[in-house]
Amino acid sequence: MSFSVTEPSKGTKWFAGILVVGYAIITIIPLLWIIATGFKSPTDSIAYPPVIVFEPTLEGYVNLFTDRTRATEQMLEDAGPPQTWYEEIARERGTVISGPSRYGERFLNSVIIGFGSTALCMILGTMAAYAFSRFRVPLKDDLLFFILSTRMMPPIAVAIPIFLMFRQLGLNDTHLGMILLYTAVNLSLSVWLLKGFIDEIPIEYEEAALIDGYTRFQAFYKVVLPQAATGIASTTIFCLIFAWNEYAFAVLLTSGEAQTAPPFIPNIIGVNGKDWPAVAAGATIFLVPVMVFTVLLRKHLLRGITFGAVRK
Amino acid sequence: MAEVKLTGISKSFGDDVALDNVDMTVPDGSFVVLLGPTGAGKTTTLRMVSGLDQPDAGDVHIDGSSMAGLTPAQRDVAMVFQQYSLYPHLSVRQNLEFPLRSPMLKTAQSEIDRKVGEVAEILQISHKLDNKATALSGGEMQRVSIGRALVRDPSVYLMDEPLSSLDAKLRADLRIELKSIQSDSGATLLYVTHDQIEAMTMATHVGVLDHGKLVQFGTPRQIYEDPVSVYAASRLGQPRINVLPASVFGGAPSGATQIGLRPEQIIQGEGEDCQVDRVEHLGDQTRLHLTFKAQNIITVTDAHTELRSGDNLKIRPHNPFYFDADGVRIA
């Protein structure tokens, strides 16, 4: 028998592999379910036991993006034959399309608010983290703790004061208000994560840049930022995921103009009975941006998650 | 190129006094080596000149103008760090170009290419220019880091043990290279090391630092042949100077408590008996470990000596150094 500290045995590797694959399957099932439901008919979507093989339809997506009215035989005749494939789908259910739904706008709101607040949060967070990492800030530890403490209570605990403040400031249901709010909530996360990453970058690089004729800010921009790219990428994803998925504040503080997709999707349920395929379609599309973004940055993300586990 | 003048520089980090009222003038075009053990204040001195740290008291003048309040960039100094500090996200070429592209210099591309090519040639890294800085060996990294200083034409070069992490062969090559670059260009160079061979071979002046104080400043020969104290005498010389109680040999002047003997200050074959403990053949020379009146002495003898351990040898001092109880040289 030989034991190695660094190399696990073949059996261990197999066991670990099976465990990981099993876990991956368990976590991916709800995702697949949602994606599949988006392409099911309403009957299939609530069938029990669940149908695995079904005839796919785009009805859910059509319902998601359109407003429809129930039409009488007379109305259908007057309207003439359906002009487009989505009209055809609506006709089959005895409805006519009266116009586009608000999902597109809400989705756009989510993009503006999610990416906007993430960008702002990263800009402020990187600079704050750099300052905390490099400069002698008075009461540094207390400030850092204070920043972290903003994250300790659940959003709902501060929702009412924020609602009142926003009303006073005219920020209710505005893009700016939501961007500021999500930035404020995420800033503690980004400052703490990024400080850890920047701490790891030896200060000699900046000193070399200072000597080489650059200012402090240029050294930060040209030397620190590229080396913190990994940390910045993974922190960006964490911030984006929060801002993108946030529900509680969005329900309370937005209703129309600046409403994001998460509070809108449940509204779909009420429009024409329980339209689960439309809800699933809404959820599926909603997943795409974050998924694409994460896949694009996955190399950095992996390094970001394992970051700090081993000290070089 | 310029003269660097330090006047009354003091610097403390908390309770640690790193520099204590240091006055030093680095003449224009000189190669000044700062010697001293870890913690003597060598690196701190460099950082004072570079502007990376500010002195608590005192002033640094470069080329006659005060550097107080000026940023490192404004001081126009080039520095080689002990830990290479190459920019890891850049290629070797980009590393070498970095100072030339700074807003302080804004060099034209043709000039950049010429200088980078020239320096790469000198440091034998031309074939590595397009490698990532992190894909180099330690020796190559340090050469790039020296190159990054050499591409510029600063008022003073500061080097913090630039050769300490290199292998012996490369160190010897670069020693000669650095010295010839310096004497050809007439650059002023302030160099930190604890390698006395570097000090002896390259320096025009040596500054000996002890716990933040500059205890002696002079040519390497002055420090070697006319040290002010036991401490200064111990900085140079291989093997190290032997320091014994003054009474073991007769003829000590009054007040002398210690006698310092370099190998060439020990005449062999005359005087009093001592015992040979160990004979080390180093090739070009042979070291003798001797016991004289219960004191250990290390000296050098002929490379082809027939002496063996256990033999007896007569020795006598020749123009030795005498030091008082505090280690201050009195004769």
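I'll start with chain B. In the hairpin of β1(B) and β2(B), G14(B) takes a positive phi near 65 degrees. That hairpin has 2 residues between the strands. This is a predicted model, so take everything I say as computed.

Now chain A, and a pair of helices. α9(A) is residues 175–200, and α12(A) is residues 229–245. Their axes come within 10 Å and cross at roughly 160 degrees. Angles over 145 count as roughly antiparallel, and therefore α9(A) is roughly antiparallel to α12(A). The crossing is right-handed.

Which residues make the contact of these two helices? From α9(A) we have Y182(A), N186(A), L189(A), S190(A), L193(A), L194(A) and F197(A). From α12(A) the list is G231(A), I232(A), T235(A), F238(A), C239(A), F242(A) and A243(A). By class, 10 of the contact residues are nonpolar, 4 are polar and none is charged.

Last, the two chains together. Here 14 residues of chain A are in contact with 20 residues of chain B. On the chain A side, the elements that give two or more residues are α10 (204–211) and α11 (216–227). α10(A) gives the most, with 6 residues. What is the make-up of the side of chain A that touches chain B? It divides into 7 nonpolar, 4 polar and 3 charged residues.

That is what I have for today.

Technical notes
Residues are numbered from 1 along each chain as its sequence is written. Chains are lettered from A and ligands numbered from 1 in the order in which they are written. This is a predicted model: local features need pLDDT of at least 70, side-chain atom pairs count only at pLDDT 80 or more; totals for chains, interfaces and linings use all residues. Axes are lines fitted to C-alpha atoms, for helices over the stretch in contact, and angles run from 0 to 180 degrees between N-to-C directions. Helices (H or I, at least four residues) and strands (E, at least two) are DSSP runs, numbered from the N terminus. Angles under 35 degrees count as roughly parallel, over 145 as roughly antiparallel, 65 to 115 as roughly perpendicular and the rest as oblique. A crossing is left-handed if the near helix is turned anticlockwise from the far one by less than a right angle, and right-handed if clockwise. Two residues are in contact if their C-beta atoms, placed from the backbone, lie within 7 Å. Ala, Val, Leu, Ile, Met, Phe, Trp, Tyr, Cys and Pro count as nonpolar, Asp, Glu, Lys and Arg as charged, and the others, Gly among them, as polar. Two strands pair if DSSP finds at least two bridges between them.
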